[in-house]
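Please look over the sequence and the 3D structure shown here before reading on. The report then takes up a few parts in turn.

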Amino acid sequence: MKTLITTLNAKYIHTALAIRLLYVASYPKHDVALKEYTIKQKIEDIVQDILSQQVDAVAFSTYIWNVEPIKDICQQLKQAKPEIIIMLGGPEVSYEPEHFLTHFDIDYVLSGEGEITFEMLLEALEKKEAIAIPGVSYQGHIATEIPQTPLSYIETLPSPYILKQDEDKLAHRILYFETSRGCPFLCQYCLSSLEKGMRFYSHDYLASQLDLIFASPARIIKVLDRSFNAKMDHALFVLDYIFKHHGPHQQFQFEINADVFPQKIIDFINEKAPKGLLRFEIGIQSTYEPTNRAVKRIQNFERLSEVIKALSEGGKCDLHLDLIAGLPYETYDRFAQSFDDVFAFRAKELQLGFLKMLRGTGLRNQADDYGYTYQFEAPYEMQQNDWISEAEIQEVHLAEEMLEKYWNSGRFKDSMSAIMDEVPSAFAFFHDLGTYYKTHHYPFHGYQPELLYQILDDYTNRRYHDLLIIDYLASCKTRMKRWYEPTLSHDERHAVIEALGEAYQLNRDELYRYARIEKLSDRYVIAIYKNYQCTLTSYPLNLKTTA
Ligand code: SF4
């Protein structure tokens with residue numbers, strides 16, 4: 001039975017570890033192939049591509065971002081080839097298999113972890129045996145088990161990380177890696193809260209897999225562990241191994257629980273980590289205690305703040321903080337407070353997400369108690385609850401658009417840093433800027449990057465004009481057209497280049513050919529663009545020019 005194991009990723013750069021694990025768990029015993037699509041591709045194209053592979057069965061790994069297109073693909077596959085067997089697995093389908101068997105054109109739902117059950121299902125189908133496999137549901141039989149695969153079993157399989165099919169793409173995509181499964185916390189909006197217990201891979205296995213990754217061209221390695229620091233010795237082992245053996249230009253990204261991040265690990269990172277090797281994602285979600293209590297997310301904000309500050313001051317890792325809008329008990333104003341509390345850390349990125357009412361979670365089951373309405377279809381984003389209205393959520397969206405453009409993009413380092421030093425509320429600033437966009441009908445999407453600078457300059461009445469020029473010059477890779485009035489005439493530019501050459505022995509020819517030179521209120525700024533890189537330097541205004 002020829003079977004395609006597949007999924008639709010959100011972007012080409014993402015890769016799906018789950019289907020690679022199913023593949024190594026069933027190949028070569030079964031005739032399986034692996035292929036990934038993205039949600040940006042046309043449904044018809046994906047269907048045609050699957051049909052062209054002449055498979056007897058297809059297994060989809062299903063998540064909130066791909067479940068809707070997968071529904072259409074299943075329908076079209078069954079229309080074109082009624083005998084094709086379709087199986088769905090993944091977190092989206094695990095907790096409500098009956099819903100998917102009723103509303104989707106499919107044959108089987110695999111709940112929980114599938115490395116063993118998927119292989120058993122293929123075996124049973126090939127031998128035409130009755131299906132009695134834990135976690136496998138079909139018409140007339142709904143399984144209640146959520147199987148977990150012993151990690152010691154996965155350790156016996158070939159590596160899912162460095163497959164032959166991936167060899168030529170590893171450098172350009174994110175490699176997903178896991179050192180543990182499960183989460184010790186119970187956040188009521190998260191599917192990981194439903195998993196029982198925590199399991200860790202052995203150090204020998206992790207070392208062997210990391211050695212393969214270090215020797216590979218993979219650059220970004222995202223560790224999927226839900227709470228990397230759940231066990232200190234384990235985390236220290238992994239970090240130490242990475243520090244000592246990582247490949248050139250690699251970055252490892254982790255999700256951590258900051259308020260229980262041990263001082264010993266912070267000291268170890270600040271002392272030993274190569275700069276730029278680590279990136280930590282820290283979920284804060286809300287700083288309002290009643291909210292955190294309601295969703296069973298117990299966190300000590302004081303300790304969390306100390307950890308974030310200690311990691312920031314250590315300067316060794318990038319920090320990415322997460323907030324969620326739309327949680328219980330958090331009004332619009334209280335959410336603004338959470339935003340400001342978290343923004344105050346000035347992390348490189350702050351991701352503002354909107355609560356998703358995921359199938360199977362405690363919060364979705366309690367939706368009526370809190371007055372939630374949410375999207376009927378995935379991603380099930382909340383629309384309102386008893387504390388925040390739909391209109392207020394739209395206002396938060398406005399602030400989030402601006403946060404993405406002006407902070408998370410990293411294009412406005414100097415100007416935004418100066419602005420944030422002066423405004424009383426970061427949230428109010430982003431929201432007000434969003435309102436300004438709306439009032440002036442500026443595009444939120446599909447614009448030239450220079451327009452962002454022009455708009456912020458207008459909005460702030462040119463108060464940060466020089467800093468915006470510097471940010472613009474630094475963010476370009478080649479000499480781009482100006483959005484501001486030139487600061488030097490042709491002759492003045494000529495004179496400044498000659499004077500710079502004279503006073504600082506700069507290469508005049510290089511300046512003429514590659515430099516953008518601007519005269520600001522307190523300095524000259526020189527941006528040299530070569531090999532798609534910008535080198536930015538400043539010089540005092542008291543140059544002796546003859547212009
Ligand atoms: S949100 Fe994070 S800490 Fe909470 S249960 Fe999910 S994975 Fe665990």
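## Basis of the report

This is a predicted model, in which local features need pLDDT of at least 70 and side-chain atom pairs count only at pLDDT 80 or more, while totals for chains, interfaces and linings use all residues. Residues are numbered from 1 along each chain as its sequence is written, and side-chain values use heavy atoms, with hydrogens and water left out.

## The sheet

Helices (H or I, at least four residues) and strands (E, at least two) are DSSP runs numbered from the N terminus, and two strands pair if DSSP finds at least two bridges between them. Three strands form an open sheet in the order 17-18-19, with antiparallel pairing. Strand 17 (515-519) and strand 19 (533-539) are the edge strands, since each pairs on one side only. Neighbouring strands of this sheet are turned by 15° against each other on average, direction ignored.

Strand 18 (residues 524-530) pairs with strand 19 in the antiparallel sense over seven bridges, and Y529 has C534 in strand 19 as its bridge partner.

## Helices on the sheet

Helix 19 (residues 465-475) packs on the sheet and touches strand 17, strand 18 and strand 19, where contact means heavy atoms within 4.5 Å. The direction of helix 19 makes about 145° with that of strand 19; axes are lines fitted to C-alpha atoms, for helices over the stretch in contact, and angles run from 0 to 180 degrees between N-to-C directions. Helix 20 (residues 490-504) also packs on the sheet, touching strand 17, strand 18 and strand 19, and its direction makes about 100° with that of strand 17.

Helix 19 has a helix partner too: its axis and that of helix 16 (residues 413-422) come within 7 Å and cross at roughly 145°. In this contact K413, D414, S415, M416 and A418 of helix 16 meet L467, L468, I470 and D471 of helix 19.

## Helix 10 and helix 12

The axes of helix 10 (residues 263-272) and helix 12 (residues 301-314) come within 9 Å and cross at roughly 15°. Helix 10 and helix 12 are therefore roughly parallel to each other, a term for angles under 35 degrees. Q263, I266, I269 and N270 in helix 10 meet R303, V307, A310, L311 and G314 in helix 12.

Definitions and conventions
Parallel < 35°, antiparallel > 145°, perpendicular 65-115°, else oblique.
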